[in-house]
Amino acid sequence: MSGATDGTHPRLQENHFVLEFPSLPANVAFSRYAVAAFASQLDQFTLVDIEDIRIAVSELVSNVVIHAYPDGPGPVRVEGRLREGCLEITVSDQGRGIANVEQALEPTFTTLPGERMGLGLTFARQLMDEMTVTSVPGEGTVVHLVKRPSAAPVQPPAVSS
Amino acid sequence: MVNLEWVSTPAGPCLVAAISGELDLQTAPLLRTQIEGAWSQHPEARQLILDLSGVTFVDSSGLGAVLGRYRQCVLRGGRMALVGLQPNVRRLFELSGVLRIMEAYNSLDEALPLPREGGGRA
Ligand SMILES: Nc1ncnc2c1ncn2[C@@H]1O[C@H](COP(=O)(O)OP(=O)(O)OP(=O)(O)O)[C@@H](O)[C@H]1O
Ligand SMILES: [Mg+2]
């Protein structure tokens, strides 16, 4: 959007952030706002893309609050990177870990039945382009997400004169 | 966040719960406690309408709270209807499949009184 003639960068090249906060329920909203605001720097994201990102972050950070540290707040780290026209997000914790990741990714699987639906990881996977879950029981969990603009051309459009 | 109102209908009292704001891990428990509190005032009530027109965001915690109220209603032999899902909220409800079992209406007028027969409309 910005022109190169006024000394600003012609387009966003690369940017990143690191957020660290305790796994308090109030920080679920905080983290999804922060990541959505960061993602909005990439003009190509549509409002639906941003909503997808908002939901995915909400799910992953909620999981840390509920599952990683069931006995009280522990550290959550959220990292974001805009690179090569897409957004990468990493949510990590040093909590309880996941014994069986494959099972955790199954729709409706939950270790806390009741009002939990077992859909958070399924939503995150469906709404993002890539999702990788790495977990070591007793040490923690790292979830890596990639979101590409839904309307992105495969090749950058040629500049016409 | 949760505004509760009792409406009398031919089928008995109907609880209309108008929810506003974002329904997530922090706010979803309110939905449960407020509605459970209201039910205890009218134990004979069998109908619940959740007006979600003021809800701007929902995730699986919010969906879980809504599904929990639905299950409670069914256990009481009653029914529940949803009203006024904003497009982004509707999308997540659809992704989860819960709209296949729950009635959803555009307005309170359409939802009240709850029809006895037939499924919900978009
Ligand atoms: N960060 C985490 N640390 C430990 N366990 C986790 C973590 N994230 C997910 N899990 C495990 O994976 C399961 C599935 O997670 P998912 O988000 O899909 O469902 P849920 O959180 O149980 O329910 P919902 O997301 O619908 O409220 C959880 O029940 C939990 O056992
Ligand atoms: Mg979850």
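This is a predicted model: local features need pLDDT of at least 70, side-chain atom pairs count only at pLDDT 80 or more; totals for chains, interfaces and linings use all residues.
Two residues are in contact here when heavy atoms of theirs lie within 4.5 Å. The contact draws 25 residues from chain A and 23 residues from chain B.

**The interface in figures**

| Feature of the interface of chain B and chain A | Value |
|---|---|
| Buried area | about 1900 Å² |
| Share of that area from carbon and sulfur atoms | 56% |
| Salt bridges | five |
| Residue pairs in polar contact | ten |

On the chain B side, the residues that lose the most area to chain A are B:Leu25, B:Phe57 and B:Arg91, which together make up 30% of what that side buries. Salt bridges also cross the interface, five in number. In a salt bridge between A:Arg32 and B:Glu22, the side chains come to 2.6 Å, N to O.

Which elements of chain B give two or more residues to the side that touches chain A? They are β3 (47–58), α2 (60–75) and α3 (87–96). Helix α2(B) supplies the largest share, with nine residues. Sorted by class, this side of chain B has nine nonpolar, seven polar and seven charged residues.

**How confident is the predictor?**

The model scores ipTM 0.90 and pTM 0.91. Chain B has an average pLDDT of 91, and 93% of the residues score at least 70. Among the elements of chain B, β3(B) has the highest mean pLDDT, 97, while helix α4 (residues 108–111) has the lowest, 91. Please take some care with residues 116–122 of chain B, where pLDDT stays under 50; for this stretch the model has 13 contacts beyond four places in sequence.

Note on methods:
Residues are numbered from 1 along each chain as its sequence is written. Chains are lettered from A and ligands numbered from 1 in the order in which they are written. Side-chain values use heavy atoms; hydrogens and water are left out. Buried area is the accessible area (1.4 Å probe) that two parts lose on being put together, summed over both. A salt bridge is a side-chain nitrogen of Lys or Arg within 4 Å of a carboxyl oxygen of Asp or Glu. A polar contact is a pair of N or O atoms within 3.5 Å; within protein, one must be able to donate a hydrogen and the other to accept it, and residues adjacent in sequence count only if both atoms are side-chain atoms. Helices (H or I, at least four residues) and strands (E, at least two) are DSSP runs, numbered from the N terminus. Ala, Val, Leu, Ile, Met, Phe, Trp, Tyr, Cys and Pro count as nonpolar, Asp, Glu, Lys and Arg as charged, and the others, Gly among them, as polar. pLDDT is the predictor's confidence in each residue, from 0 to 100.
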